[in-house]
Amino acid sequence: MENRSCFFTGHRNAPFDTLLIVKTGHVIIDLIENGVTDFYAGGAVGFDTFCEKLVISLKRKYTHIKLHLILPCSPEIQTAKWNDKQKEEYNKILNGADDKEIISENYSKDCMKKRNAKLASLGDICLCYFNENDSRSGTGQTVRMAQKSKKRIINMYNYSEE
């Protein structure tokens, strides 16, 4: 099996309705049952957080899977403008992850881009929530990196049409 790793990227404002939650869960379980063992995520608010939490919960049943965090900068800096609930979720994810890599201790103008490039280089599959009308976003940048590298893209944006 060649596709052993998957990375997540997505918009902050994904509509976390029941359909998206259930379908994304089914996709991740299907990936696991077809050989994916390593999941990479960037610790961003929104779709990333949602997928990170899903993987952590699935580790109870699928004990062989791993969650690897690739963070753009130190957790304190990354979460500086987040609300208390977001910071609490982030800390739970940090504790539930198998490991973390910090691209740059301090925030820099390119630390997000470097994080996105690292995610795209590590994953065989890109599981995303990407609205193509918002292509100037970090999600758009990461999906384009994955496309350029001929990665398999699974876009949950169109989940309601399936």
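Which residues does Gly10 touch, not counting residues up to four places away in sequence? They are Phe47, Asp48, Tyr129 and Thr139, where contact means heavy atoms within 4.5 Å. The model is predicted, so that local features need pLDDT of at least 70 and side-chain atom pairs count only at pLDDT 80 or more, while totals for chains, interfaces and linings use all residues. Residues are numbered from 1 along each chain as its sequence is written, and side-chain values use heavy atoms, with hydrogens and water left out.

Gly10 itself lies in strand β1, which covers residues 5-10; strands (E, at least two residues) and helices (H or I, at least four) are DSSP runs, numbered from the N terminus. With a relative accessible area of 10%, Gly10 is buried, a term that means under 20% relative accessible area, whereas exposed means over 50% and partly exposed lies in between (1.4 Å probe, protein chains only). The C-alpha atom of Gly10 is separated by 9.1 Å from that of Asn155, although the two residues are 145 residues apart along the chain.

A search of the whole structure finds six aromatic pairs, counted when the rings of Phe, Tyr and Trp (its six-membered ring) have centres within 6.5 Å, with planes under 30 degrees apart called stacked, over 60 edge-to-face and the rest tilted. Phe47 and Tyr129 form a tilted pair, at 6.1 Å centre to centre and with 40 degrees between the planes. This pair links distant parts of the chain, since Phe47 is in helix α2 (residues 47-58) and Tyr129 is in strand β5 (residues 125-129), 82 residues apart. Both Phe47 and Tyr129 are buried.

Tyr129 also pairs with Tyr157: the ring centres are 5.4 Å apart and the planes stand at 70 degrees, so this pair is edge-to-face. Because Tyr129 lies in strand β5 and Tyr157 in the segment after β6 (152-155), the pair ties together parts that are 28 residues apart in sequence. Tyr129 has a relative accessible area of 6% and is buried, whereas Tyr157, at 29%, counts as partly exposed. Ring pairs link Phe16, Phe47, Phe50, Tyr129 and Tyr157 into a cluster.

Leaving aside neighbours within four places in sequence, Phe8 is in contact with residues including Ile28, Phe39, Cys51, Val55 and Leu127.

Thr24, in helix α1, is buried at 0% relative accessibility and, not counting residues up to four places away in sequence, touches Phe47, Phe50, Cys51, Leu54, Leu127 and Met156. Leu58, in helix α2, is buried at 12% relative accessibility.
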